[in-house]
Amino acid sequence: MLSADRPSLSLPTAFGRQFRRHGKALMASLADVANPLLFFFMVVTLFPLGLGPDPMQLASMAPGILWVVALLASLMVSARMFASDFEDGSLEQMALAPHPLSVLALGEVAAHWLATGCLLALVSPLFAMMLGLPSQGLGVLMVSLLLGSLCLTLIGAVGSALTVSIRRGGLLLSLLIIPLNVPVLIFGTAAVTEAVMGRDPSTWLALMGALAAGMLALAPLAVGAALRISLDS
Amino acid sequence: MTLLAAAEVSIERGERRLLQAVNLSVESGQVWQVLGANGVGKSSLLRALAGLARFGVEGSISRFEPLLYLAHAPAIKRALSPLENLRCHPACDITSTPAQIEAALAALQLGGFENQPVGSLSAGQQRRVALARLLLTDARLWLLDEPFTALDGSGCDWLEDCIRRHISAGGAVIFTSHQPSRFSELQQDLDLAHYAVC
């Protein structure tokens, strides 16, 4: 047991294992994956009932509706991102690992994004057609949601890491991260609206890409630090 | 060789000071049992020794890393199988091959359960999955919080044997338990009643 000085896991391997661990746990609880999609579907179904079936009106509001609903769905799932790990002691063990906590946490966040935000972005054209979004906007909607949901998941991860040790931290989490989500919402809606109008949405998409890249670099550091604070209290 | 040295450690939790002036030096080959009534601060002490708690902890603690800390919460995902749980353990300290992990699980009488979801196993079996880490780790210093909980007689005997082998190989173990001493001749006691703040 003691004699062998085995090399410890390389950082990419450790990242991959956390990704697999979280991904498999998510896949096993289908409800967690299906919940945001179902929420999205139901809200999108309700809007025509509330606003009336005028296709022109629905189509003009569709970018905003779709983006707000995507934001709310992301908020709904990010609250629980680290909750089960906190409760079952996995977070403590991650903090004791010889690797940076931020990298291990990023593995989890990546699995979380693939199962929620990314999946939602991929099926979003279907929901958009239900609202009558013109077809030239569908591709841009998907791309903007892919980039945007990555931003939203990373912001949500920071918020979730900060509030994971607080009982009923949901409200605090919303207060913390909704203001941070606003730029993403504005850029995303603008990109889709531009595309629907037949103009070039690439400026807005580039802004979102820059936002996503910046967050990918910085948010894990904040998540790691926030998780350590949460574990310490 | 000193694997853990704690000097003048005091622990506060919330507004309350739990322990003060705890001095502890753990050499390789030693097994320490932390004693004390419920709520006296055994788990808090272990968390502080592991380096998980810094807020509210005063004094100096130096430890030989990597160490292994086994908490009350088993860090086991119910949806994953024992094999996956150990292979993708969040502490990222298990470099063993799947065959080695299976052998460790078999040693804990979990052979045949490797690929079932842990959630379908009993509490004692889940505890055994968490304890299988002891066979797979390189850590010299083990901090075990209530390791005998939920284990049956043969499980307790196995754990006792495992700890004896570990210390005879030069490791050290600090554990909390309300069970009577199992390592009478080898064991040192750390009775927290002496350090409690009334």
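Two residues are taken to be in contact if their C-beta atoms, placed from the backbone, lie within 7 Å. By that criterion, in this predicted model, 31 residues of chain A are in contact with 29 residues of chain B. The points below take up the side of chain A that touches chain B, then a pair of helices in chain A, and then the residue L96(A).

**The side of chain A that touches chain B**
- At least two residues of this side come from each of the helices α1 (11-28), α5 (90-96) and α9 (202-232) of chain A, and the largest share, 8 residues, is supplied by α1(A).
- Sorted by class, the residues on this side of chain A comprise 15 nonpolar, 8 polar and 8 charged.

**Helices α2 and α3 of chain A**
- The axes of helix α2 (residues 30-51) and helix α3 (residues 55-78) of chain A come within 10 Å and cross at roughly 150°, and the crossing of α2(A) and α3(A) is right-handed.
- Among the residues that make this contact are F39(A), F40(A), V43(A) and F47(A) of α2(A), together with L58(A), I65(A), V69(A) and M76(A) of α3(A).
- The contact of α2(A) with α3(A) has 14 nonpolar and 2 polar residues, with no charged residues.

**The residue L96(A)**
- L96(A) is placed in helix α5 of chain A, and it counts as buried because 25 C-beta neighbours lie inside 10 Å, where 20 or more are required.
- When its neighbours within four places in sequence are left aside, L96(A) is in contact with A50(B), Y69(B) and A91(B).
- From C-alpha to C-alpha, L96(A) and M142(A) are 39 Å apart in space, and they are 46 residues apart in sequence.

Definitions and conventions:
Residues numbered from 1 in each chain as written. Chains lettered and ligands numbered in written order. Predicted model: local features only at pLDDT ≥ 70, side-chain atom pairs only at ≥ 80, totals over all residues. Helix = DSSP H or I, 4+ residues; strand = E, 2+ residues; numbered from the N terminus. Nonpolar A, V, L, I, M, F, W, Y, C, P; charged D, E, K, R; others polar. Axes fitted to C-alpha atoms, helices over the stretch in contact; angles between N-to-C directions. Left-handed = near helix turned anticlockwise from the far one by under 90°. Buried ≥ 20, exposed ≤ 12 C-beta atoms within 10 Å, placed from the backbone.
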